[in-house]
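My notes follow in the order I made them.

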Amino acid sequence: MAEKDVYQVADWSGQSGERWVVYQARLDAMMAVFGQAAIEAAAPATGERVLDVGCGAGASSLDLAARVGAGGHVLGVDISEPLIGRARALAPQDTPAVFQVADASSAELPEGAFDILFSRFGVMFFHDPTAAFAHMRRALKPGARVAFVCWRGMAENDWVRLPMGAIKGIVPPTAPPDPEAPGPFSFGDQGRVARILTVAGFTDVAIAPFNASIPFGKGETRDAALDDAVEMTLEVGPLSRALADQPDDIRARASVAVRAAFAGCPGERSVMIDGAAWIVTARNPVS
Ligand SMILES: C[S@@+](CC[C@H](N)C(=O)[O-])C[C@H]1O[C@@H](n2cnc3c(N)ncnc32)[C@H](O)[C@@H]1O
């Protein structure tokens, strides 16, 4: 049997999605600044129609809805039932955002309907990203804009580099990640992202680095914030998957090691950890 690849496997309709729901408020706080940067790049105008791909619990869809207003429309699409359930529960009654459980790479979407294809960290999980973007392009109007944020490589993202480094030697080694396999870091290579979009039929592809410090833990004291950061790292993301089948003593040692690694990060009632993303923009050709 192939070794488990903890960097890629995420069961969005099952456990991963359910854990995201539990930590949704904190995850939204962590990703907010990246989402805002992508929204600025999308520059939604009043009355526009937006497709939010992999919208999760819908925070970015609701932000986009506020920008396009009552005369606009946002369709948030996500493969995860628990996350779409949370998005619907959080949506104010009068929002122009609606949410749909669907695989964006194959879902029936209205043709030529959207002014903007947007995503906050939701487009790196397709098995065939070129085919997925070509499919989603058909839902766009001629001249429509694309704007999304995705992670750069793992080595540049301390929120995963630090904890995964800390558990080396405690947890049996896992398969080296295939950088192009579906997963959070599969769009780390900007040349690959440009190729995917170009072959999918988009033009004017621009890819710019965006760095921000992520509030990983929160608490009344620094110690409480460190505990919080460790808890979340053990529950959500690659480290949680690396530890999923491990016995309690290994999990306890890993927790101590991750806490020591995070202790070097700044923050008084938080743990601020560096994150490195791409802001990607492109355009659907006019004809
Ligand atoms: C890292 S989360 C980001 C969620 C949300 N955009 C946010 O910023 O909170 C990635 C999301 O992509 C969704 N996803 C993964 N593959 C998908 C697919 N093929 N179609 C639609 N959504 C997908 C997952 O269910 C998950 O909600």
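Entry 1. I began with α1 and α4, where G17, E18, W20 and V21 in α1 meet P82, L83 and R86 in α4. Contact here means heavy atoms within 4.5 Å. Helices (H or I, at least four residues) are DSSP runs, numbered from the N terminus. I noted that the model is predicted, that local features need pLDDT of at least 70 and side-chain atom pairs 80 or more, while totals for chains, interfaces and linings use all residues. Residues are numbered from 1 along each chain as its sequence is written, and side-chain values use heavy atoms, with hydrogens and water left out.

Entry 2. I looked up how α1 (residues 15-22) and α4 (residues 81-90) pack: the angle is about 30° and the axes are 7 Å apart. Axes are lines fitted to C-alpha atoms, for helices over the stretch in contact, and angles run from 0 to 180 degrees between N-to-C directions. That makes α1 roughly parallel to α4, a term for angles under 35 degrees. By class, this contact has 4 nonpolar, 1 polar and 2 charged residues. Ala, Val, Leu, Ile, Met, Phe, Trp, Tyr, Cys and Pro count as nonpolar, Asp, Glu, Lys and Arg as charged, and the others, Gly among them, as polar.

Entry 3. I turned to α2 (residues 24-42) and α8 (residues 222-235), whose axes come within 12 Å and cross at roughly 100°. The two helices, α2 and α8, are therefore roughly perpendicular to each other, the term for 65 to 115 degrees. R26, L27 and M30 in α2 meet D228, E231 and M232 in α8. I listed 3 nonpolar, no polar and 3 charged residues in the contact of α2 with α8.

Entry 4. Which residues come nearest to the ligand? Of the 19 around it, they are G54, D78, D103, A104 and R120. A residue counts as near if one of its heavy atoms lies within 4 Å. I found the shell around the ligand to have 11 nonpolar, 4 polar and 4 charged residues.

Entry 5. A polar side-chain atom of D78 is 2.5 Å from a ligand oxygen atom.

Notes. A polar contact is a pair of N or O atoms within 3.5 Å; within protein, one must be able to donate a hydrogen and the other to accept it, and residues adjacent in sequence count only if both atoms are side-chain atoms. Angles under 35 degrees count as roughly parallel, over 145 as roughly antiparallel, 65 to 115 as roughly perpendicular and the rest as oblique.
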